[in-house]
Amino acid sequence: MQSKISNRKHRPERGEGSKIIFAVATIFVIALAWFAASPVGAQTPSVDDEVNRIAKTLYCPVCPNTPLDVCNTQACADWRKQIKEMLIQGKSEQQIRDYFVQQFGERVLGAPPAEGFNWIAYILPALGIVLGAVVAWLTVRQWILRRADVTSAPEAPAIPKEYADRIEKELKEY
Amino acid sequence: MPRWVQIVVFIAVIALIGFFAFGLRVRGAPALGSGPAPDFTLKSFDGQSLKLSDLRGKVVIINFWASWCGPCRDEAAFLEKTWRQYKDRGVVFLGIDYNDVEPNARAYLKEFDITYYNGPDLGGIISPLYRIKGVPETYFVGKDGNLYGNALGPITRDSGYMTEREFIRKIEEMLAQK
């Protein structure tokens with residue numbers, strides 16, 4: 001009788017197995033959620049993101065003024081693929097950019113490198129702004145001076161008293 | 001406004017207009033079809049170098065192509081066939097790969113079994129010399145180093161740019177030149 005009771009005590013209760021499974025599943029879900037939300041996971045961009053980031057700074061040599069990341073031609077698709085392959089090979093962004101310039105020329109860059117004749121592209125806009133500011137300042141100053149001249153212009157000379165009296169008298173008589 | 005400012009502004013405006021006019025003129029200029037063929041050095045996919053001016057005395061066919069270009073595929077086999085037909089008669093074919101990815105370009109050459117001299121337009125230097133607008137484009141350089149026309153599209157049996165028959169005739173005409 002006793003042995004029967006003790007046997008009954010050591011037998012797992014109904015539902016205990018499902019509780020273990022539930023606990024394991026819960027731990028697994030929490031671990032998964034923690035991994036997904038972990039800063040390390042969030043800060044590691046995928047290769048495709050890297051490709052897009054670099055492609056955004058390069059321009060399609062075939063269809064000018066179109067960044068490589070939004071260009072839909074076959075050529076651009078090939079170049080994006082090439083960027084991806086170079087990234088996988090461990091090439092840096094600068095090495096990839098240098099390669100594209102060597103292959104297709106400086107026109108693939110969003111802005112010309114600041115050297116030699118290219119400096120004109122950087123200097124001219126600033127020069128234009130300075131020149132425009134000087135012209136605007138001189139023009140405004142001229143307007144202000146002209147206006148001041150008009151407002152401070154001397155009043156019409158007073159009519160001599162004898163003429164004034166005469167005019168007054170004639171007006172009354174009229 | 002001081003006189004010197006007026007002069008500076010006037011010169012700046014004129015220079016700006018001139019700058020844009022020059023840009024429009026260069027961009028709008030048609031592809032080369034006559035006059036001396038611009039010289040260039042083409043480095044082949046195999047690492048060899050070839051200068052156009054070194055080919056003086058031969059008829060040179062310059063073909064701009066790219067592996068991503070559909071119409072280029074339409075003429076590729078014909079160009080290779082014609083090259084094999086004329087290579088012993090003083091005709092040189094030069095293939096210039098335009099804005100391409102090297103592995104794709106090599107695969108293209110292999111696909112069409114292209115054996116004539118081919119190389120990439122490194123740095124995009126050669127194509128602006130000929131003011132090409134796209135690919136395929138073919139330029140004909142005579143024995144004297146001058147250009148004798150071009151085909152600004154694919155060369156196929158019924159092409160609107162240049163038919164295969166016209167292409168052969170063109171080579172024969174240029175071979176006949178002294």
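Trainee: At what angle do helix α4 (residues 47-56) of chain A and helix α5 (residues 74-88) of chain A pack?
Mentor: About 120°, with their axes 9 Å apart. Axes are lines fitted to C-alpha atoms, for helices over the stretch in contact, and angles run from 0 to 180 degrees between N-to-C directions. This is a predicted model: local features need pLDDT of at least 70, side-chain atom pairs count only at pLDDT 80 or more, and totals for chains, interfaces and linings use all residues. Residues are numbered from 1 along each chain as its sequence is written, with chains lettered from A and ligands numbered from 1 in the order in which they are written.

Trainee: Why is α4(A) called oblique to α5(A)?
Mentor: Take the angle of about 120°. Under 35 degrees counts as roughly parallel, over 145 as roughly antiparallel, 65 to 115 as roughly perpendicular, and the rest as oblique. The angle therefore makes α4(A) oblique to α5(A).

Trainee: Which residues of α4(A) make the contact?
Mentor: Val47(A), Glu50(A), Val51(A), Ile54(A) and Ala55(A). Contact means C-beta atoms, placed from the backbone, within 7 Å. On α5(A), the partners include Arg80(A), Ile83(A) and Leu87(A).

Trainee: What makes Thr138(B) count as buried or exposed?
Mentor: Count its neighbours. A residue is buried if 20 or more other C-beta atoms lie within 10 Å of its own, exposed if 12 or fewer, and partly exposed in between. Thr138(B) has 24 C-beta neighbours inside 10 Å, so Thr138(B) counts as buried. Thr138(B) touches Ile61(B), Asn150(B) and Ile155(B), among others.

Trainee: Where does Thr138(B) lie?
Mentor: In strand β7 (residues 137-141) of chain B. Strands are DSSP runs of E, at least two residues; helices are runs of H or I, at least four; both are numbered from the N terminus.

Trainee: How do you know that β7(B) pairs with strand β8 (residues 146-151) of chain B?
Mentor: Two strands pair if DSSP finds at least two bridges between them. Here 3 bridges join β7(B) to β8(B), and the strands run antiparallel. In β8(B), Leu147(B) stands opposite Val141(B).

Trainee: What is the strand order in the open sheet of chain B?
Mentor: β1-β8-β7-β4-β5-β6, 6 strands with mixed pairing.

Trainee: Why do β1 (34-36) and β6 (117-120) of chain B stand at the edges?
Mentor: Each has a single partner strand, so one side of each is left without a neighbour in the sheet. The twist averages 25° from one strand to the next.

Definitions and conventions
Two residues are in contact if their C-beta atoms, placed from the backbone, lie within 7 Å. Lists of a residue's contacts leave out its neighbours within four places in sequence.
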